[in-house]
Amino acid sequence: AERDYLERMQSAYPIHPELFDRLYQDWSTLERFQRTRGVLRLMAAVIHQLWTRGDQSLLILPGTVPLDATPARNELLRYLPDTWTAVFDRDVDGAESLPLMIDGNVPTLGRYAAARRVARTIFIGSAPSVAGQSVRGLEEIRVRLGCAQPGESAAVFGDALRRMGSQLTYLYTDGSRYWYDTRPTVNRLARDRAQGFHEDEVNQEIVERLRKVPKTRDFAAFHVAPFESGDVADEDRVRVVVLHPNATYKRGSGETLAIQQAMAILENRGSATRFYQNMLVFIAPDQTNMEALKEAARDYLAWQSIQSEEEQLNLDAQQRRQVRDSLNKAEDTVKSRLREAYNWLLVPEQSDPQDKRSLQCTASRMNGGDGFYDRAARKLRQDGLLIYEWSPENLSLTLNNEMYPLWDENGQVGLKQLWKYLAQYCYLPRLFDHEVLLAAVRDGASRSDAPFGYATGFSDKGHHTGLVFRSSGSIYFDEQSILVHPDCVVEPPLPVTPPGGGEVIEPVPGKRGTTPPPPPPPKVTRRYYGRARIDPQRVNKDMGLIVEEVVERLTSLVGCEVNITVEIDARLSEGFDESTIRTVSENSSTLKFEQHGFEEM
């Protein structure tokens, strides 16, 4: 875009002005390099090699200088200390160089020989510099200027630059500046340390990160990398199990570790058989992506250990900045690969209700860039594998098909029994919780074309009590609640008014026309009392469930007065020591216990 630079390019043709700038401004500072003779010697070797190879480049840039050719290589190295030979052969160019290996491993880079062109540009622009310079290296924009030609994407060279910055031993970076030095960078130290971490340490790092993944309200409970099946509770609430990093899944690999572990948790809880099998879903890592995640976790742990030992390693200011930047990049890489790794949803399904052997976990890939909990919930909802709102029609269809044997001879089925079956058997629909079932019952029973009725029992007078059928009413979830087939609903008889007025006569089956005795006043249930024994090894979990399932339901009722008393009874056969007695007594007083004390027995 600048006319002066265009004129420079024309006058310097076929050599790019950037190459002349590096030779005359940087290499001419070397004591043995002659500005005119040195440039002529080098360019003679370079042009001869390019001509022999039939190079089709539009201009001779720093990145196109054939440093892999012995004449050009020796012409530059002759002006540098001998220590540069090892740096050149490993990190710049040659048959065994890392840039050549990077180009070979990444086809996008290999198409342009991007890594080698970047390495040549940085070497020519930074090798003559001295460690005493306050500002070292080439800016990334000048690296691209020395590499790219018209028609080539500059982003390719930026990609090569970032890959080289994390892999090369002698390539230094500071912000947007890059240079070579004869001293190894901390990259070598990081690579060596990364390989030294045991797999258990890497897995532990991944598991800790899994536990910090934000939870959603789409599941009632979460279990991250359970050590054994007993760690997953057996309850009638939908819970998601995130499998261990070693329990990977790969499509087409048959019985993978992920499937084996999921089935082990699904079928048993410790030594007991699992009851609520239809309340579990699993998230498993992909085998290929997990390998990449573990590699990223090793890098992160390596950089973290180096940062913690900055003083012992005697790192200078630039190296400390490099460690800090590399640690931040490793952190971002681990987060990204963690989301990518856990992308398989394993859902228990049973194809044949009569054959328990047909129970299996079906795998489906979860797509999206958000968290794996969100992706799992979205996938389950879209495929109808986890239901948050159930229509009365689907409930009726399920009752009259898969669950038809549940109807008794009176056309009734217990509501709690129905829920237990839904939570237990994987050939039935999977509901989020029993509130979803209650909502479907409430909606269906109140319709004018109700597909079923709701009742709290059957009276001695031959009709359903607490009946909700084609009308609104209260729906409860207890042992007395039942669903009634619409053809079997028996409504209470309507009161009869005798001719000419008078007292209303309530018909009684078998005693038509007689006046029944006045009904006793209805009993009102005004008090609830509960007492539970809590495992002292899991107080927090059990107390949380009691508060969530019982206390919060009671305190949510307007005008309900709730009193909670905690009772502790501890016994030790050999007796409590003085320290324990003093500490517990003081803490009990501080917490204002109504009664407390130790007894001699």
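Which residue forms a salt bridge with Glu-311? I looked this up first in the model, which is a predicted one. The partner is Arg-320, and the closest N and O atoms of the pair are 3.1 Å apart. I then checked how open the two ends are. Glu-311 counts as exposed, at 59% relative accessibility. Arg-320 is partly exposed, with a relative accessible area of 26%.

**Entry: other salt bridges**

I went on to the rest of the charged pairs. The count comes to 39 salt bridges.

Arg-378 and Asp-370 meet through their side chains at 2.9 Å, N to O. I find Arg-378 partly exposed, with a relative accessible area of 29%. Asp-370 is also partly exposed, and its value is 28%.

Arg-183 and Asp-181 form a salt bridge at 3.8 Å, N to O. Is Asp-181 buried or exposed? Asp-181 has a relative accessible area of 7%, so I list this residue as buried, the limit being under 20%.

I followed the pairing of β2 with β3 (residues 177-180), which is antiparallel and runs over four bridges. Tyr-172 stands opposite Trp-179 in β3. Thr-173 has Tyr-178 of β3 as its bridge partner. The two strands form a hairpin with two residues between them. In that turn I noted Gly-175, whose phi is positive at about 70°.

I looked at another open sheet of three strands, which has the order β11-β15-β12 and antiparallel pairing. Its edge strands are β11 (412-414) and β12 (453-455), each pairing on one side only. The twist averages 30° from one strand to the next.

How many bridges join β11 and β15? I count three bridges between β11 and β15 (residues 482-484), in the antiparallel sense. Within this pairing, Val-413 has Leu-483 in β15 as its bridge partner. Helix α19 (residues 415-424) packs on the sheet and touches β11, β12 and β15. The direction of α19 makes about 65° with that of β11.

**Entry: backbone geometry**

I checked for a cis peptide bond and noted one between Tyr-13 and Pro-14, with omega at about 10°. Pro-14 lies in the loop between α1 (3-12) and α2 (17-25).

Ala-225 has a positive phi of about 45° although it is not a glycine. I place Ala-225 in the loop between β4 (221-224) and β5 (239-242). Ala-225 is buried, with a relative accessible area of 10%.

Lys-592 is another residue other than glycine with a positive phi, near 60°. I find Lys-592 in the segment after α22. Is Lys-592 buried or exposed? Its relative accessible area is 72%, so I list Lys-592 as exposed, the limit being over 50%.

**Entry: a nonpolar surface patch**

Which residues form the nonpolar patch on the surface? I list Ile-564, Val-566, Ile-568, Leu-591 and Phe-593, which together have about 560 Å² of accessible area. I checked one of them, Ile-564, in detail. Ile-564 sits in the loop between α21 (539-555) and α22 (578-590).

Notes. Residues are numbered from 1 along each chain as its sequence is written. This is a predicted model: local features need pLDDT of at least 70, side-chain atom pairs count only at pLDDT 80 or more; totals for chains, interfaces and linings use all residues. Side-chain values use heavy atoms; hydrogens and water are left out. Two strands pair if DSSP finds at least two bridges between them. Patches are made of residues with over 30% relative accessible area and no salt bridge: like charges are joined within 9 Å, nonpolar side chains (Val, Leu, Ile, Met, Phe, Trp, Tyr) within 5 Å. Accessible areas come from the Shrake-Rupley method with a 1.4 Å probe; for residues, only the protein chains shown count as cover. A salt bridge is a side-chain nitrogen of Lys or Arg within 4 Å of a carboxyl oxygen of Asp or Glu. Buried means under 20% relative accessible area, exposed over 50%, partly exposed in between (1.4 Å probe, protein chains only). Axes are lines fitted to C-alpha atoms, for helices over the stretch in contact, and angles run from 0 to 180 degrees between N-to-C directions. Contact means heavy atoms within 4.5 Å.
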